[in-house]
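This report walks through one protein model. Look at the fold first, then follow the headings below.

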Amino acid sequence: DLAAGPARRDAALAKFGRLVIGAVAATILAGAFVAGTDAGFIYNSFPMMDGRLIPAGYGDLSPWWLNAFENVAAVQFNHRWVAVATLVLSLAYIGSLHARAVDRRTRRCAAFLGAAIAAQIAIGIITLVHAVPVALGAAHQAGAVVVLTLALATHHAAGRSARTSR
């Protein structure tokens, strides 16, 4: 509860930061399945996939759990929407940091994190729409490293800010 006292608020914010890091990691993992299955070469539009929000054949493989790893429609759909969820979660985290009146370093890290996630999603969509040219695919993968680094840096800075503000 971010409305509670300082210690509980700091603990909640730390949990929130770890959740964002986990979401970034999940997005990267989902992207690895896209790269590994060459799923980026199909459904080259966004947000629709062949004119549908949920692509045909999403759950066609049996056993069902194989869809998350081997079904190109499911793999690409999952990466898209895990990324969008990560963006929303990250923006909420950044808003919470600003509401907490953290120090300038933390606010700067949070701003860079938000910008990096927005840029990463834009690069991902551009990469997809252009059927994954190597340079854009490599930029998108490098961007994932930047986003994870900034999520870790923001979480670390927020922890330092909370300790020094007590």
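## The loop between α1 and α2

D38 sits in the loop between α1 and α2. Helices here are DSSP runs of H or I with at least four residues, strands are runs of E with at least two, and both are numbered from the N terminus. D38 is not a glycine, yet its phi is positive, about 60°.

The loop between α1 (6-37) and α2 (67-70) also holds P47. A cis peptide bond links F46 to P47, with omega about 10°. P63 has its place in the loop between α1 and α2 as well. Its bond to S62 is cis, with omega about 0°.

## How the model is read

This is a predicted model: local features need pLDDT of at least 70, side-chain atom pairs count only at pLDDT 80 or more, and totals for chains, interfaces and linings use all residues. Residues are numbered from 1 along each chain as its sequence is written, and side-chain values use heavy atoms, with hydrogens and water left out.

## Overall fold

The protein chain has five helices and zero strands. Read from the N terminus, its elements run α-α-α-α-α. The C-alpha trace spans about 55 × 35 × 25 Å along its principal axes.

## Helix α3 and its ends

N71 caps the N-terminal end of α3. One of its side-chain oxygens lies 2.9 Å from the backbone nitrogen of A73. After α3 comes A101, with a positive phi near 60°.

How far apart are the end C-alpha atoms of α3? They are 40 Å apart, which agrees with the 40 Å that 28 residues should span at 1.5 Å a residue. The expected span is 1.5 Å times one less than the number of residues.

## α3 against α4

The axes of α3 (residues 72-99) and α4 (residues 104-129) come within 10 Å and cross at roughly 160°. Axes are lines fitted to C-alpha atoms, for helices over the stretch in contact, and angles run from 0 to 180 degrees between N-to-C directions. The two helices are therefore roughly antiparallel (over 145 degrees).

Which residues of α3 meet α4? They include Q76, R80, A83 and L87. Their partners in α4 include T106, R107, A110 and L113. Contact means heavy atoms within 4.5 Å. By class, this contact has nine nonpolar, five polar and two charged residues. Ala, Val, Leu, Ile, Met, Phe, Trp, Tyr, Cys and Pro count as nonpolar, Asp, Glu, Lys and Arg as charged, and the others, Gly among them, as polar.

Methods: Parallel < 35°, antiparallel > 145°, perpendicular 65-115°, else oblique. Polar contact = N/O pair within 3.5 Å; in protein donor to acceptor, adjacent residues only side chain to side chain.
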